[in-house]
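I opened the model today and went through it piece by piece. These are my notes, in the order I looked.

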Amino acid sequence: MVSSSRDSFIANPTAAIQTLYAEHGDTDFEQRVLDHFLDLFPSAEERSLIPPLTPRSTPGTLASFRCMVQDTGYGNEVYLSALPSGKTLMFGGPLGAGAEDESDFGGQDDYSRLRERGLFYAVEIPGESEWVKEALDSHPSDLADRASSLSLSESSSPAPRFSSGPSRKAPLAASGLGAIIKTYDPALTTALRPTATYNFTGVLVPSSLPTPLEDPTGADDELFVPRAENADVACVHVLHAEEVPESVVRWEKTDETDADAEKVAEEIVRWIAEYALGEDEEAARWVLLALVARIHSRRSSLPLGQLPISLSLPSAPSPESRPTLPTLLALLHPLTATLTLSIPTLNTSALFPSSSGEDLTSGFLQLARGTLLVLDEAGMGEGTLGDTGVWNVQALQSVLEAQKLAYRFPFSSFEFETDLGVVVLTRGGKPLLPGTTHIPVHPIQPTKSLYAPLPPSALPSQQTLSRWRAHLARARTTPLEIPDDVSAHIQQTFVDMRREAGAGGVTQEDLGRWVAVGRLVGLVRGRREMRVLEWEEGRRMENVRVERMERERVEKVTGA
């Protein structure tokens with residue numbers, strides 16, 4: 001009986017909502033509908049029966065949308081909640097209510113039927129790896145057949161019913177589908193922020209993007225009304241919302257020993273080194289740390305935990321050659337975004353979100369927390385930066401150094417905190433962008449191995465990839481403590497080094513970086529507490545890095 005009710009609710013939720021309205025009226029109706037949904041779908045497994053939103057989804061059915069909130073600037077929407085005929089217009093119903101229904105209203109002003117709901121715009125999570133989509137958008141085996149029987153598959157609707165949304169609101173060129181999100185829970189409406197990632201489940205209807213219209217009475221600066229542009233945009237009237245966890249990789253807590261964790265970490269290092277860094281395992285160790293770095297706290301607004309790195313690669317075989325490393329990173333990390341920097345790109349495409357007064361135009365850097373950002377400086381050369389180019393460089397520097405991104409508005413700007421891992425790729429020297437830990441790459445194999453397409457033989461088995469991804473997910477999400485005795489050892493080492501190096505030789509910034517590296521070494525080794533061993537390994541890596549930088553400087557001066 002419950003199963004049949006679920007199937008009916010998925011296929012025609014508006015009918016069930018109309019029935020509830022006829023039985024109970026509009027008193028606390030929004031909460032009644034939200035509770036009814038949870039009665040039918042109380043667990044994540046049961047909610048997985050609900051098909052994901054696609055351009056071919058059927059209007060009037062139930063759909064889930066895993067997405068990133070892109071625009072929160074529309075404010076609340078005032079709408080007519082019901083008609084005298086006894087139909088409710090809440091939660092997108094009745095679908096297609098038009099002129100005849102509005103004439104049924106009788107033309108009388110009845111403000112008691114006006115309600116407010118939240119109005120947002122969201123896009124598919126930018127940079128989500130294909131293997132994540134395949135894992136999260138698949139239904140459990142015992143529910144898949146029933147889901148397909150509801151005629152919601154692409155094969156039953158060959159023509160797309162919804163547009164992907166305006167390209168100006170997509171952070172990446174391939175950001176995929178966008179949708180209007182309408183919320184009825186005041187707590188959820190208040191909680192939503194730009195770049196937050198959610199899985200919204202609700203009634204799917206076609207709609208159009210709102211646009212501001214000047215209020216002729218002067219009572220309001222802006223009234224948002226629908227416009228004809230993109231009238232086939234998907235709209236989800238939210239019945240249930242749950243945040244997408246920091247790590248979308250599903251993994252179970254196991255009794256993995258330190259030795260097991262170190263073995264997996266070494267496997268990942270060797271794979272990255274062999275197929276993307278010319279067998280330079282030292283550079284690969286830094287890449288491994290960048291894969292698991294996350295902000296764990298902020299002190300005086302400075303982010304602690306992230307480790308932006310830059311890798312100087314040998315010159316490419318040809319101008320068209322692209323590094324292999326981003327391909328490997330996308331196979332390991334759930335969220336990656338790669339941008340090739342050039343003077344024309346910086347001057348013509350805003351990397352930061354901006355608003356001209358209507359709605360928020362996205363930028364490449366408007367990414368979900370936890371995304372790994374790969375910046376390739378291969379296209380940078382001589383040239384002049386215009387205003388947009390200067391603003392773009394400022395935005396990149398702010399993300400690298402402070403993990404903040406300014407959203408620009410006509411007469412002001414507002415900073416939002418970010419948490420983006422950063423890997424910068426340069427050619428034969430330090431990066432143009434400051435704020436990274438720089439590692440010269442010393443390949444053993446020929447240069448072409450750093451730029452060659454990844455051969456099929458280089459792909460590990462799915463079992464191995466799953467084990468690697470789970471290991472990285474644990475490291476990204478596991479807290480790590482620094483015991484008092486280790487902290488005392490670090491402080492004493494720092495004091496001794498400052499005494500030996502003299503004034504200005506060793507700085508607090510150096511200490512912060514060394515501690516961050518030691519923490520990350522501990523995490524990739526599966527530790528919950530940092531040991532002196534991890535601190536010493538981080539110092540060893542730092543010494544090798546400094547030696548390489550000095551060799552790179554000497555070679556540049558001598559022309560060797």
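**Ground rules.** I took helices (H or I, at least four residues) and strands (E, at least two) as DSSP runs, numbered from the N terminus. On that basis I found 17 helices and 19 strands in the protein chain. The model is predicted, so I noted the limits: local features need pLDDT of at least 70, side-chain atom pairs count only at pLDDT 80 or more, and totals for chains, interfaces and linings use all residues. Residues are numbered from 1 along each chain as its sequence is written, and side-chain values use heavy atoms, with hydrogens and water left out.

**Whole chain.** I looked up burial next. Buried means under 20% relative accessible area, exposed over 50%, and partly exposed in between (1.4 Å probe, protein chains only). Of the 560 residues in the protein chain, 50% are buried. I took contact as heavy atoms within 4.5 Å. Among contacts between residues at least 6 apart in sequence, 79% join residues at least 24 apart. The accessible area, by the Shrake-Rupley method with a 1.4 Å probe, is about 25800 Å² for the protein chain, and carbon and sulfur atoms supply 51% of it.

**Cores.** A nonpolar core here is a set of buried Ala, Val, Leu, Ile, Met, Phe, Trp, Tyr and Cys residues joined through side-chain atoms within 4.5 Å. The largest one has 56 residues, and I272, L277, I309, L311, L325 and L332 touch the most other members. Helix 10 (residues 281-292) gives this core its largest share, nine residues. I then checked I309. Not counting residues up to four places away in sequence, I309 touches W286, V287, A290, V422, V423, V424, T436, T437 and I439. Apart from this core lies another, of 35 residues, with L20, V203, V233 and L335 among them.

I counted two strands as paired if DSSP finds at least two bridges between them. Strand 15 (residues 372-379) has six of its eight residues buried, so the rest of the structure largely encloses it. Strand 12 (residues 336-342) runs parallel to strand 15, with six bridges joining them. In this pair, L339 stands opposite L375 and A337 stands opposite L373. Five of the seven residues of strand 12 are buried. Strand 18 (residues 421-427) is also parallel to strand 15, through five bridges. There L375 stands opposite V424.

**Helix 15.** For 18 residues that gives 26 Å, and the end C-alpha atoms are 26 Å apart, which agrees. V486, I490, T493, F494 and M497 are buried in helix 15. They cover an arc of only 100° around the axis, so they sit on the same side of helix 15. I read the arc from the directions from the helix axis to the C-beta atoms. The buried residues pack against helix 16 (508-524) and helix 17 (532-558). On the other side, D484, D485 and R499 are exposed. G502 follows helix 15, with a positive phi near 85°.

**N347.** I finished with N347, in helix 12 (residues 343-348). N347 is partly exposed, at a relative accessible area of 24%. Leaving aside neighbours within four places in sequence, N347 contacts T384, L385, G386, T388 and G389. N347 and T388 are 41 residues apart along the chain, yet their C-alpha atoms are separated by 5.2 Å.

Conventions:
The expected span of a helix is 1.5 Å times one less than its number of residues.
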